[in-house]
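Biologist: I am new to this structure and would like to learn how to read its features. Could you walk me through a few of them?

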Amino acid sequence: MDLGIKGKRAIICASSKGLGLGCARALAAAGVDVVMNARGVDALEAAASAIRTEFDVDVTTVAGDIATDAGRAKVLAAAGEVDILVNNAGGPPPGLWQDWDRDDFIKALDANMLAPIAMIKHLVPGMMTRGWGRVVNITSQSVKAPIPQLGLSNAARTGLTGYVAGTSRQVAEKGVIMNNLLPGIHDTDRALALDGGVMEREGITREEARAKRSATIPARRYGTAEEFGATCAFLCSQHAGFIVGQNILLDGGATNATI
């Protein structure tokens, strides 16, 4: 399917690995020029080089922490005028509810709520003026059904979801379409970290931890960055103009809900 976005320009945050990289690759495959951001220079440059070679699009890299004012300023200065924003940031660490204090919550809010909102506030006005734009926020299945050990993520990402619910409906008439993608377990470094926690708590191997988690997913497997990226690219396409303010689960059916 032609997504109709060849020649557009996109910022994809935290895109050197995992789901962010999946989104960057899918958008590049659709002919979109991409601005890639991540904290680690080596992984970022390697990912960007592969995309340039494979898809023949313009790729700009900006190393920095998107959760900080300085990091966002660097990305925005390098990107210039963009049509597509994919907000993404690594999730806060797991733990127990009594482990977290105010500083832990502030750090989670900065990365997973306030940074995406700051990017939206900076870029969406220009999209509205030009009459076209797409924003995809990568959140989590936990905004539909909270995950007990991910309380920091539950709180911060649900806050972003509430903000997007209202904002998306105010900007849609100007051609700016904003939605959220809610990943479940995908085969990324995040899954490795979560499986590592299970290994430590239960004294089992990584293969056993993975099999145990896969058994809780109706699809009986982890998702892939490629299929996640393809969904992201569709939401950024010309065909998604009537999908507004939605929370789309990509979790293999793990969230047990009717609606």
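Biologist: Leaving out residues up to four places away in sequence, which residues does aspartate 83 touch?

Modeller: Keep in mind that this is a predicted model. Aspartate 83 touches Lys8, Arg9, Met127, Arg130, Trp132, Gly133 and Arg134. Its place in the chain is the loop between helix H3 (69-79) and S4.

Biologist: Is aspartate 83 buried or exposed, and which side chain of opposite charge is nearest?

Modeller: Here is the general idea first. Side chains of opposite charge can pair when their charged atoms come close. In this case aspartate 83 is buried but has no salt bridge. The nearest side chain of opposite charge is arginine 130, at 4.2 Å.

Biologist: Which residue does arginine 130 form a salt bridge with?

Modeller: Its partner is glutamate 81, with the closest N and O atoms 3.5 Å apart. This pair links distant parts of the chain, as arginine 130 belongs to helix H4 and glutamate 81 to the loop between H3 and S4, 49 residues apart. Arginine 130 is partly exposed, at 35% relative accessible area, and glutamate 81 is exposed, at 56%.

Biologist: How many salt bridges does the structure hold?

Modeller: There are nine. One of them joins aspartate 195 and arginine 213, at 2.8 Å from N to O. Aspartate 195 lies in helix H6 (residues 189-202) and arginine 213 in helix H7 (residues 206-214), so the pair ties together parts 18 residues apart in sequence. Aspartate 195 is buried, with 2% relative accessibility, and arginine 213 is buried too, with a relative accessible area of 18%.

Biologist: Which salt bridge does glutamate 202 take part in?

Modeller: Glutamate 202 meets lysine 212, at 2.5 Å from N to O. This pair also runs from helix H6, which holds glutamate 202, to helix H7, which holds lysine 212, and the two are ten residues apart. Glutamate 202 is partly exposed, at 38% relative accessible area, and lysine 212 is partly exposed as well, at 46% relative accessibility.

Biologist: Let us turn to the nonpolar side chains. Which residues of the largest nonpolar core touch the most other members?

Modeller: Again, the general idea comes first. In soluble globular proteins, nonpolar side chains tend to be buried together. Here the largest nonpolar core has 34 residues, and Ile5, Leu27, Met36, Ile84 and Val86 touch the most other members. Several elements supply at least two residues each, including strand S1 (9-12), helix H2 (41-55), strand S5 (133-138) and helix H8 (225-235). Helix H1 gives the most, with seven residues. Another core lies apart from this one, with 22 residues, among them Leu85, Met119, Met127 and Val171.

Biologist: What is isoleucine 84 in contact with, beyond its neighbours within four places in sequence?

Modeller: Its contacts include Ile5, Ile11, Leu27, Val32, Trp132 and Cys236.

Methods
Residues are numbered from 1 along each chain as its sequence is written. This is a predicted model: local features need pLDDT of at least 70, side-chain atom pairs count only at pLDDT 80 or more; totals for chains, interfaces and linings use all residues. Side-chain values use heavy atoms; hydrogens and water are left out. A nonpolar core is a set of buried Ala, Val, Leu, Ile, Met, Phe, Trp, Tyr and Cys residues joined through side-chain atoms within 4.5 Å. Buried means under 20% relative accessible area, exposed over 50%, partly exposed in between (1.4 Å probe, protein chains only). Helices (H or I, at least four residues) and strands (E, at least two) are DSSP runs, numbered from the N terminus. Contact means heavy atoms within 4.5 Å. Lys and Arg count as positive and Asp and Glu as negative; His and the chain ends are not counted. A salt bridge is a side-chain nitrogen of Lys or Arg within 4 Å of a carboxyl oxygen of Asp or Glu.
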